[in-house]
Amino acid sequence: MKSAVLVFPGSNRDRDMIRALEDISGQKPALVWHQETTIPDVDLIVLPGGFSYGDYLRSGAIAARSPVMKDLQRHATRGTKILGVCNGFQILTEAGLLPGALMRNAGLNFVCKTVQLEASNADTLFSRQYEQGEVFACPVAHHDGNYFADARTLNTLESDNRIVFRYANGTNPNGSLNDIAGIMNESGTVMGMMPHPENLIEELHGGVSGRGVFTSLLEAA
Amino acid sequence: MLPTFDNNAPISTEMVESHGLNSEEYEHILELTGRTPTITELGIFSAMWNEHCSYKSSKKWLKTLPVIGPCVVYGPGENAGVVDIGDDQVAVFKMESHNHPSFIEPYQGAATGVGGILRDVFTMGARPVAAMNALRFGAPEHAKTRHLVAGVVAGVGGYGNSFGVPTVGGEVNFHARYNGNILVNAFALGIANRDGIFTSQAEGVGLPVVYLGAKTGRDGVGGATMASAEFDDQIEEKRPTVQVGDPFTEKCLLEACLELMGTGAVIAIQDMGAAGLTCSAVEMGASGNLGITLDLDKVPCREERMSAYEMMLSESQERMLMVLEPSKQAVAEAIFIKWGLDFAIVGETTDDLRFKIHHHGSLVADLPIKELGDEAPEYDRPWVAPLPAAPLEDIPHLADPIEALKTIIGSPDMASKRWITEQYDCLIQANTAQLPGGDAGVVRVDGTQKALAMTSDVTPRYCEADPFEGGKQAVAEAWRNLTAVGATPLAVTDNLNFGNPQRPEIMGQFVRAIEGIGEACRALEFPVVSGNVSLYNETNGEGILPTPTIGGVGLLADWTQMARLAFAREGDVIVLIGEAGTHLGQSIYLREVHGLETGPAPKVDLAVERRNGDFVRSQILDGSVTACHDISDGGLLVAIAEMAMAGGKGADLTELPSTSAESLFGEDQARYVLTVSPEKATSVLSSAADAGVPASQVGIVGGEELKLADKCSISVEMLKQTHESWLPGYMSGTKA
């Protein structure tokens, strides 16, 4: 699987993501600086976590207007698979590639902890390695992860089965509506999620459940 | 319009005094300059000669600390200490206080404390891989405490999370003696290649001096001078001297600096910390036996009409000064433009050993560069040895061990700090092997099996009762915490927080604590490689508890050999390493259960410490140990309770030889609790006997409760509830 990681000033989980992609796909991802205007032809484009532009203005808002985003839109239209994690999810919503918004956590504080995630749709390009309804522990680390969308959008997401991951067993850490942790676009090729599967891929991390996101993509490639 | 200074205004006695300089110091300045200094020069002297930058009260004693050892690459004197971790790699670390600013403006004070220590580490060419914070607040019931906790924690998290460094450890204490002066001690550790270390020592004449990073504003003007004075009730007026942090710029500065260092463009580099441009330029010139000339018209400013005085004393954050290899100028500039940072040639190195500052075409300062640092005053302040604490008499009766345990683990100092640690990203960089809450934070060295363990320790109540034993204990506990995860202790950084050194009893605490630290560091072969002194932590004449925080660093050859403190398996045998407890003076038990802060501090026998610790480490590395925890605050029963809560498993302790307060809650040193599998118990106990280490079986892991005797037990669930509830309740305002 060929992949590319977009790097914005202030991205800081880019290195974690690069290592996970290299480890699982066996290939080094291409790094694309935010000022570049062309993303190479790859199977997967990843927007990593971090604080692009310091989260100034709104998290993801400035990065969503970077030069590289025009080509990301083109790739999205073409159906290239796109994964946004944490700040990457925030950027995808700011760019309009995913619906809704990620607001400040309900508790108002940054939260770094392990939550329970449920694969609420295991029939997607991003989750097919999980069992339907499988629950696993996964870390989160964010200040703005409180998913919000209007009632109509939420209904559509639910009825179209586009909620890929939900916080399970009362572990919603941020007040997200419908316990939403990760969603995909209409065509199922773009997914954003707040938790960090790239921080759950080896024994050192206390588990390997995060690998499923990447092995699902690998299988799809 | 903001006031500007007439550079040649006459210097009045009041001006000298308001710069924190006394009359003898001013006389010395007149001798060195041979004339009346300009106002800019006076500001430069005040910045270089204040306590914070010159260590004038502490230098004499700091020189007595052991600073060399087989692993030491660079000891004190650089931006951070550097130790060898094998495979041509080094660990670079330091701890530094940001106490005074954090009391005045907790969010920015704490944030810029984190920013400053991270810069100290990456200035040397190391990528920061871990951070810790030792925080000390006033009594929970004090009107300002909740606000300060919320602000400091948000500031630490706000900066570290955005920068992208995992916070893997630290300490949080509450005590009324910090009501007027909280302590924020920030630690950072980075990793570099041994041949990729950069220092501030400039070499070569006529080379460009380059300003890097963020622009200069008026924030922090006089900050180092503020940190060298006591507080009084007018402290709010100092707010404008607190700096404002920008972690985004710092992250960009990190990446730009590391990229730049890889190009061979950097001859010397120094971050602008306390007293910004002044200290960094003088340091680079003086350490390289060179003069420096600066043209302030070239300095990137974000405010208008800044005077030379303000530019030289500004403590605006996220700035660096560098001596550049001229042939690499275009490459260097391109890197900084890419990262959106300022890059400006602001001066050059000279051969005249003068520090010359030009502004608007005129020479506003012309001073001898070596003397600015070397001739800083050094005081042998009078001190008196602290009085020994009275021995304990009439120890109150222990009515109910379980109630006492609940009281202790639910008390502010001992309660879970989860509310705080969850606000820090402890996972970023994907190398965290042990999270906050264990004996030490552990991070894997990226791309290897090695791991670095780190811990921050001091028990201020011991230091108050006996600064010498307290100083020893701080070092011993750091060494013990590293040992408890299986690491070999390498070296320490010390962050010495005390009151006003001009009071002989405070100076006495300082001197005796340093003597204790020195003795322990020598005995444990645990040298001091970096550090920081914070004095004048006093308000209206009352000083803090003496708080010499020790940041210890150790190495594990293979992280998979690491021990954790959580009970791992039902049926494991619980072993006490060390003698049964006897010492209740200054214990958490006396303070929390009986309201007594009395008695002597526990004595630290360093030979026993070393013998017991070396044994424990050998057993961990042998794979014989399933869990390990050092015994410190709260004694044996609290250590076992912490292991039970972490593992979600109970223990049968009905065979404990004694359930006296001394045995359960005594804080005797050099002790650990281990668990071992039943098959290995006999061999571990006999190895201990062979090594001359006291070891005894005290219980068995299992069940859902901690059981001392029939009708004397508590469920692990209830323990957890008690332990977890205090801090969230306090911060939400439902508890005092």
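**Close-up 1. Buried residues of helix α11 in chain B of the predicted model**. Within α11(B), the buried residues are B:Gly276, B:Leu277, B:Thr278, B:Cys279, B:Ser280, B:Ala281, B:Val282, B:Met284, B:Gly285 and B:Ala286 (buried, under 20% relative accessible area; exposed, over 50%; partly exposed, in between; 1.4 Å probe, protein chains only). Because 10 of its 12 residues are buried, α11(B) is largely enclosed by the rest of the structure. The helix covers residues 276–287 and reaches 17 Å from its first C-alpha to its last, close to the 16 Å expected at 1.5 Å a residue (1.5 Å times one less than the number of residues). Helices are DSSP runs of H or I with at least four residues, strands runs of E with at least two, numbered from the N terminus. B:Asn289, which follows α11(B), has a positive phi near 55°.

**Close-up 2. The loop that holds B:Pro657**. B:Pro657 is placed between β24 (651–652) and α23 (661–665) of chain B. B:Pro657 counts as exposed because its relative accessibility is 72%. Its C-alpha atom is separated by 42 Å from that of B:Gly543, 114 residues apart along the chain.

**Close-up 3. The loop that holds B:Glu704**. B:Glu704 is found between β26 (695–701) and β27 (705–709) of chain B. With 68% relative accessibility, B:Glu704 counts as exposed.

**Notes.** Residues are numbered from 1 along each chain as its sequence is written, and chains are lettered from A and ligands numbered from 1 in the order in which they are written. In this predicted model, local features need pLDDT of at least 70, side-chain atom pairs count only at pLDDT 80 or more, and totals for chains, interfaces and linings use all residues, while side-chain values use heavy atoms, with hydrogens and water left out.
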